[in-house]
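Subject: Structure handover

Hello,

Here is the structure I promised to pass on. Please open it alongside this note. My findings follow below.

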Amino acid sequence: MLNVNSGFSEIKPKNLETIKTLIAIAFTDCNYLEESWYDILKVISQLELAQLIGTGVKTKFLEKETMMDKKLVTSLQQTLGDSANQNVIVAVDRIFTGSPRLDGSAIVHFTEALCKVSAEELNNPVTARMFSLQKIVEISYYNMGRIRFEWSKIWHVIGDHFNKVGCSPNEEVAVFAVDSLRQLAMKFLEKGELPNFRFQKDFLRPFEHIMKNNRNNVIRDMVVRCIAQMVNCQARNIRSGWNNIFSVFHIAAADQDQAIVELAFQTTASIFDQYFAVIGDSFQDAVKCLSEFACNAAFPDTSMEAIRFIRRCANHVADNPDKFAGDDNNLEAIWIKGWFPVLFELSCIINRCKLDVRTRALTVMFEIMKTHGCGYKVSWWRDLFNIVFRIFDHMKMGEESPEQYRQQRREWMTTTCNHALYAVVDVFTQHYNALSPLLPELLQLIQWCVKQDNEQLAKSGMNCLENLVMGSGASFREECWDKIVDTITSVYALTLPADLRNWKPSLDTVDQVSINSDNSIEPDNTQLAVSRADRTLFQDLQIGVLVQTEIIQTIDNIIFFPSSSAKEDAQIDPFNPADSTTARGMFSFLTTPQLFCIVECLFASHKFAKGFNMDIDQRRILWKYGFKGRTLPDLQQQETSSLLCSLRILYKIYSDMTRVDEWAKTEIYLHRLTVESFEYYLMLEDDRRRLSWSKIVMLMLKKMMLLDNDRFLILLAKCYNQICSIIAQDNEKDLQLVLSKFFLRAKEPLLKTVSS
């Protein structure tokens, strides 16, 4: 017998006779050899090698140290020459063709031994041989008719061997393995698959393994082409194999080779166009595959097309819920197997892709919610919102440098988070009846957005709060309104730029600056540098100032309807209102305690802004160190708009006949605010601030004129002296007209009082 170390010159005719006898035993006692099959198959492999060399076909399989001179080769050819024409070849073939005669246990031993010998052939240090690998393919064909139980055991061994061979660094070997797998797969798929069987899944798994572990583009391309051929030729017979097919394409989707990605996507597209109805339980794998195509940044056109197919998947779920519910009509299965995979993969695209692709995915995701959300259960919505809220998780960024992180975070918040926030609120408003239990989570999200150091997102947060209330406020219960009011007060407290009042530079002295009458700075006063931390603080403070103004505007728009207050301010005659849009606001849905809570918040905002505006020294320091532009920083808009809004609310309560019980408390507020406001206006010297405060004076006068005579006189008595002092000043034309109308309004009740 041959062994690894023996020289081929030692082969004698008696050795060949021994081999023939061994092969004969293998054929007759095949079911009892067990591990001995290895020795027999090893001899057959060496015999085949000896025949190749002896007949002069391939001497390259000999190692250098065993190379023989021409005389020895001639001798070997004479010894083995007749064997090629003898019955030994037929006997060897009978072992493989007769393998179907082996029982269930023997065939497994036979296959294991053959795979072991094949592995040794392929690991030859000089040149790999594929004799046994070819025989593995042949016995697979011969035994394909076995019962599934036996065949699965055989394929467990063969499949593992193909996994290794298909990942061989020798391209020729790997190509042969993949091509052999293709032939076997095509043959096997022709047989179809019975219900409740999953053997196709096992049979096609080596393709998936090779695609995942072999980085050779030639082999990867070949795997994709093999799978594409199976789809094109045997799609009607594929059942459980769809899982492996989509897994292979999922791996191919992340490739950087254009040919591989394009072929994989073309085949995937053909599946959706022609065979979508037969993919069965592989729907989730199909959607995951499309998601991976969408996330390949190297092929943006393919990404957009993949998202379009995901949109089709959503329509498929909506049109065929019974396919997902199953025979037992399990509604939860529709969500788990249908809707959830679609929406989850869209969220993954949003979190992984560049701006244009993630924006498209975001749009499609919310279109699906708006179109099909009416059929979602509350538990489904909760799961879905957990997915959506992941979009706002800025920790998703990678381990970039701090500057890259800041840039990406800023872009993410300004674009995707901003877009998503508006879309979430739109969906919530459209499906409020189903989503109302999730109101606290949505309000927390809005608070989170407002607190971020991003001006656009903070502003959008307040706008979305307004949209939410204006769209769904009529359906809110009292506890919902409590949550809205709590959110407003929390946002106010969290974003109040308190450091404006107490920030001081680290230097011991501060240069004095010259201030013009219009609050502008003299040109020779240069600003001083501050640390990076202080610059960041200044940016946060400016965002806080913006949010405070947005809070006030949001409150005004919610309670009185957008733009109604501006029209009211422009109206000189209070008895001839421009329109009645205030009736469309949410005032009537709020309880008086809730309104008072909002008024307290507004007055606190007014008090803070007023105190800052009066602190000239602090404003000088802030300007000197780079806070804002050429003029001294101020909070004039916050100071006046907060007071205007609180006065409107109080006078609205004071004129509401359904809230008579709260009039006494409201009078206390109004008397204090009216007197304080008139007195503060009288002490103002800056023309710009007087002009701003004149709107407050006009509003109070117009609101007083609308009161009945008794309440008008009570309030007039509190501030009569201040109003007379205002007349003596140089006022703007509109204020003069309002004062004129005010005293005309006061004429009748005053005369009646005097006459009585």
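This is a predicted model: local features need pLDDT of at least 70, side-chain atom pairs count only at pLDDT 80 or more; totals for chains, interfaces and linings use all residues.

Which residues of H21 and H23 meet? From H21, the residues are Leu439, Pro440, Leu443, Gln447, Val450 and Lys451. On the H23 side they are Cys480, Lys483, Ile484, Thr487, Ser490, Val491, Leu494 and Thr495. By class, this contact has eight nonpolar, four polar and two charged residues.

Now the geometry of the pair. H21 covers residues 439–451, and H23 covers residues 478–495. Their axes come within 10 Å and cross at roughly 15°. Angles under 35 degrees count as roughly parallel, so H21 is roughly parallel to H23. The crossing of H21 past H23 is right-handed.

Next, the largest pocket. The volume of the largest pocket is about 760 Å³. Its lining has 30 residues. Nearest the centre of the pocket lie Ile279, Gly280, Asp281, Ser282 and Lys323.

Which helices each supply at least two residues of that lining? They are H11 (242–253), H13 (283–294), H15 (321–325) and H16 (331–352). H15 gives the most, with three residues. By class, the lining of the largest pocket divides into 12 nonpolar, nine polar and nine charged residues.

Best wishes

Key: Residues are numbered from 1 along each chain as its sequence is written. Side-chain values use heavy atoms; hydrogens and water are left out. Axes are lines fitted to C-alpha atoms, for helices over the stretch in contact, and angles run from 0 to 180 degrees between N-to-C directions. Helices (H or I, at least four residues) and strands (E, at least two) are DSSP runs, numbered from the N terminus. Angles under 35 degrees count as roughly parallel, over 145 as roughly antiparallel, 65 to 115 as roughly perpendicular and the rest as oblique. A crossing is left-handed if the near helix is turned anticlockwise from the far one by less than a right angle, and right-handed if clockwise. Contact means heavy atoms within 4.5 Å. Ala, Val, Leu, Ile, Met, Phe, Trp, Tyr, Cys and Pro count as nonpolar, Asp, Glu, Lys and Arg as charged, and the others, Gly among them, as polar. On a 1 Å grid over the protein atoms alone, a cavity is a set of points where a 1.4 Å probe fits but cannot get out, and a pocket is an open set with protein on both sides within 12 Å along at least five of seven lines; lining residues have an atom within 4 Å of a point. Grid points are joined across faces, edges and corners, and a volume is the space filled by probe spheres set on the points.
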